[in-house]
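Here are some notes to read alongside the model. They are meant for someone opening it for the first time.

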Amino acid sequence: MPFPPAYALVATDLDGTLLRRDDTVSARSRTALALAAAAGARHLVVTGRPVPGVRDLLAGLGYRGLAVCGQGTQLYDAGAGRIVRTVTLDPESAHAALGKIEAQVGQVFAAVDQAGADGQTLIEPGYLMPHPALPAQRALHRDELWAAPVIKVLIRHRELDDDVLAAAAHAAVGDLATVTHSGPGTVELQPYGVDKGAGITLAAEHLGLDPATAIAFGDMPNDLPMLRSCGYGVAMANAHPLLRAAADEVTLSHEDDGVAVVLERVFGN
């Protein structure tokens, strides 16, 4: 039986971190994750994608562990194919938050990720999906976005860049929602107090582990709560400046096997 490693948990974001631009994981990264597993460490996927947008990807990777999905709103057991826990966003709070944001910055365009293993991403007229590989259904009017329970709202603005929009949304919504910036063209609202940090704490509890024993990898501001919850935080070379400044280490980019480089060093002995 292997000795417990210095880090008992390896937490990785997907987009811009473990995944390459074509949504694949390199052979080197797979080998490095296997090296960590052989040393006794558990791999935990922590992603902003909802379960329906990541389920097939995880299956293709042969991933059978827990996954924190939807910015911490969902805890998914990939091996069993079921959602262990879901936190939904109150529609009245979401509607009020959108109103406060638009009072500050003018019109925004919204989409929602529905709750559930088969939940859809609904987009209102004018909203452009930032990740074309993720499926979405068009709604005719914003009111249709609340037809079923949702875990988060995605917003875009015609003129403001993501950092400015995220800052304005954060200032406007108060305790109505948590605001995250998770990727190019992706500013999101989820239930207040829910983020990747809360998600990884819950997942670690299910695994009987302490988040302080985790090494975490990310690339965007939504990964900040995760890095702060873990014992050691690594930012990718392609990461947002806020994450690079907060990380314990900056590795190579997601295209250059940055996750593998660190895992090989940590678990290679």
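1. Start with a residue pair: His181 stands opposite Val187 in β11. The model is a predicted one. The two strands involved are β10 and β11 (residues 186-190), which pair in the antiparallel sense over five bridges.

2. Helix α5 (residues 162-173) packs on this sheet. It touches β9, β10 and β11. The direction of α5 makes about 170° with that of β10.

3. Now take the sheet as a whole. It is open and has six strands, in the order β8-β7-β6-β9-β11-β10. The pairing is mixed. β8 (137-138) and β10 (178-183) stand at the edges. Each has a single partner strand, so one side of each is left without a neighbour in the sheet.

4. Helix α4 (residues 91-105) lies across β6 (109-114), β9 (150-156) and β11. It runs at about 15° to β9.

5. Move on to strand β12 (residues 214-218). Are its residues buried or exposed? Five of its five residues are buried, so the strand is mostly covered, with buried taken as under 20% relative accessible area. Ala214, Ala216 and Gly218 point one way from β12. Ile215 and Phe217 point the other way.

6. Which strands pair with β12? Strand β1 (residues 9-12) is joined to β12 by four bridges, and the two run parallel. Here Ala11 stands opposite Ala216. Four bridges also join β12 to strand β13 (residues 232-235), again in parallel. In that pair, Gly218 stands opposite Ala235.

7. Finally, look at Thr17, whose place is in helix α1 (residues 14-18). Why does Thr17 count as buried? Its relative accessibility is 2%, and the cut-off for buried is under 20%.

8. The side chain of Thr17 makes two polar contacts worth checking. One is with the side chain of Asp13, at 3.0 Å. The other joins it to the side chain of Asp219, at 3.3 Å.

9. What else is Thr17 in contact with, leaving aside its neighbours within four places in sequence? The list is Phe217, Gly218, Asp219, Met236, His254 and Val259.

Definitions and conventions: Residues are numbered from 1 along each chain as its sequence is written. This is a predicted model: local features need pLDDT of at least 70, side-chain atom pairs count only at pLDDT 80 or more; totals for chains, interfaces and linings use all residues. Side-chain values use heavy atoms; hydrogens and water are left out. Buried means under 20% relative accessible area, exposed over 50%, partly exposed in between (1.4 Å probe, protein chains only). Two strands pair if DSSP finds at least two bridges between them. A polar contact is a pair of N or O atoms within 3.5 Å; within protein, one must be able to donate a hydrogen and the other to accept it, and residues adjacent in sequence count only if both atoms are side-chain atoms. Contact means heavy atoms within 4.5 Å. Axes are lines fitted to C-alpha atoms, for helices over the stretch in contact, and angles run from 0 to 180 degrees between N-to-C directions.
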